[in-house]
Amino acid sequence: MHADVVTQHAVVIAGGGPTGLMLAAELALAQVDVAIVERRVSQEVAGSRARGLHARSLEVLDQRGVVERFTSQGQAVQNVAFGQAHLDLSDFPTRHNHGLALLQERFERILAEWVGELAVPIYRGCEVTGFTQDDTGVDVELSDGRALRAKHLVGCDGGRSLVRKAAGIEFPGWDASISYLIAEVEMTGAPAFGIRRDEKGTYAMGKLEDGRVGVVLREERVGTGDAPTLEGLREGLVALYGTDYGLRSATHLSRFTDMTRQAASYRDRRVLLAGDAAHVHSPMGGQGLNLGVQDAVNLGWKLAQVVRGVSPESLLDTYQAERHPVAARALRKTMAQTALSRGDARMDAVRETLAELLGMDGPRKQYAAMMSGLDVHYDLGNGHPLLGRRMPDLDLVTADGPRRVFHLLHDARPVLLNLGEPGTLDITPWGDRVRRVAARYTGEWELPALGAVTAPVAVLIRPDGHAAWVGEGTDQGLREALARWFGPPRAT
């Protein structure tokens with residue numbers, strides 16, 4: 001490290017994929033000096049990777065006022081499924097009662113443009129190779145010889161995360177039981193489009209927009225070592241289809257497995273993990289990108305408050321307490337879907353039974369809410385059903401005219417929404433941190449999967465859109481919630 005050229009930032013993020021970019025945007029909105037270190041020289045993504053967003057991710061982007069940038073480039077789809085049972089969200093109480101078909105490359109490019117507008121510096125073409133941390137910060141070494149100094153380092157550097165490994169954080173879980181080749185190819189023959197199953201797993205071919213063919217093949221033996229080859233893909237096609245359909249070339253060829261692991265801790269003092277660095281799993285169900293984006297939105301405002309001295313470092317402990325269980329549940333569900341992808345007679349019977357259950361309204365709503373991220377419930381204690389859950393995007397009437405709840409969250413600041421008598425809730429000691437909005441709302445309060453709930457009189461909304469306190473006629477517990485989430489009261 002060259003001490004004479006050390007560059008200072010409040011937060012350094014290793015990795016400029018979806019999670020790293022979203023976290024950078026959240027920190028920039030909170031006026032925190034943040035920088036990204038990204039090994040790619042551009043935002044180009046190899047292959048299709050993730051293919052879309054779920055409903056809660058769309059809500060999160062709507063909370064920041066940028067969702068139209070993404071929806072204008074994608075297509076609204078009912079993309080939630082479990083075990084090949086499709087789960088319709090169209091009757092859900094959200095403006096985004098659907099997913100969005102949008103390739104990861106396009107998603108990243110739009111996100112990177114927004115991060116650029118927020119003036120976040122990105123160190124491209126290099127990566128974090130090591131770091132040391134002390135009581136006041138982290139010294140970060142880059143592959144190009146440069147050195148950075150930050151108060152905190154966040155590893156958003158994927159499933160093989162160097163940050164996680166260098167921090168000595170354990171990554172327990174399950175080894176792969178199956179592997180797949182995924183490719184975008186050119187063929188001279190007429191491919192057999194559609195999904196097929198056998199006793200070992202699922203395989204499929206589909207038409208891509210530009211005439212190429214998308215291929216997903218289960219492998220005969222679990223492949224985890226050597227990079228896949230065109231010849232290996234050809235052999236796989238012949239083994240499963242009896243022909244290679246005139247395979248000529250592949251513009252993208254990679255492998256994925258159902259390896260399932262989760263970091264034992266999301267934090268080691270001044271080093272944190274988010275996204276794939278914290279959890280890896282099968283791509284079945286499309287959970288990965290969405291989990292990462294929501295990790296970033298949970299962590300961003302908390303880390304910003306700690307960096308700015310508003311809150312004690314103990315606030316960062318709530319990041320793992322809230323997000324670790326969410327990912328753990330998603331990991332179990334992706335493991336279940338891997339089992340359901342196998343096609344022997346017994347698993348066919350399980351799949352048919354599950355499809356019958358998920359055809360019923362109650363189970364459908366419960367699983368659709370879970371897979372779309374709309375049912376996330378952080379355990380903030382007993383109280384109103386809304387406590388710890390995402391705040392609905394209500395149409396409010398305010399002194400400044402009509403406002404949507406999500407409009408109040410565009411600047412990533414907490415909001416006390418008072419729907420009762422104006423002026424009855426005094427939050428003066430937190431007035432520099434929490435925006436107070438008096439409004440009226442006369443409609444029904446409905447939460448995904450739960451249904452109608454009693455209308456609260458006031459709600460304290462965190463920057464991530466979750467309810468930190470719900471008032472039912474008094475201010476009981478409000479000061480405690482304000483101090484817990486937004487720092488001690490200012491002396492008056």
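Of the contacts in the chain with a separation of 6 or more, 70% are accounted for by residues 24 or more positions apart, a contact being defined as heavy atoms within 4.5 Å. The structure is a predicted model, in which local features need pLDDT of at least 70 and side-chain atom pairs count only at pLDDT 80 or more, whereas totals for chains, interfaces and linings use all residues. Residues are numbered from 1 along each chain as its sequence is written, and side-chain values use heavy atoms, with hydrogens and water left out.

The chain has 11 helices and 29 strands, assigned as DSSP runs (helices H or I, at least four residues; strands E, at least two) and numbered from the N terminus. For 492 residues, a compact globule would have a radius of gyration near 23 Å, and the 24 Å of the chain agrees with this; the radius is taken over C-alpha atoms, and the globule rule is 2.2 Å times the number of residues to the power 0.38. Along the principal axes, the C-alpha atoms fill a box of roughly 80 × 65 × 35 Å. Buried residues make up 54% of the 492 residues, where buried denotes under 20% relative accessible area, exposed over 50% and partly exposed in between (1.4 Å probe, protein chains only).

Arginine 351, placed in helix α9 (residues 345-358), is buried, with a relative accessible area of 9%. Leaving aside neighbours within four places in sequence, arginine 351 is in contact with Gly83, Gln84, Arg197, Leu340, Ser341, Arg342 and Gly343.

Valine 434 lies in the loop between β24 (415-418) and β25 (435-440) and is likewise buried, with a relative accessible area of 3%. The C-alpha atoms of valine 434 and valine 415 are separated by 5.5 Å, although these residues are 19 residues apart along the chain. Not counting residues up to four places away in sequence, valine 434 touches Arg413, Pro414, Val415, Leu416, Ile427, Leu460, Leu482 and Phe486.
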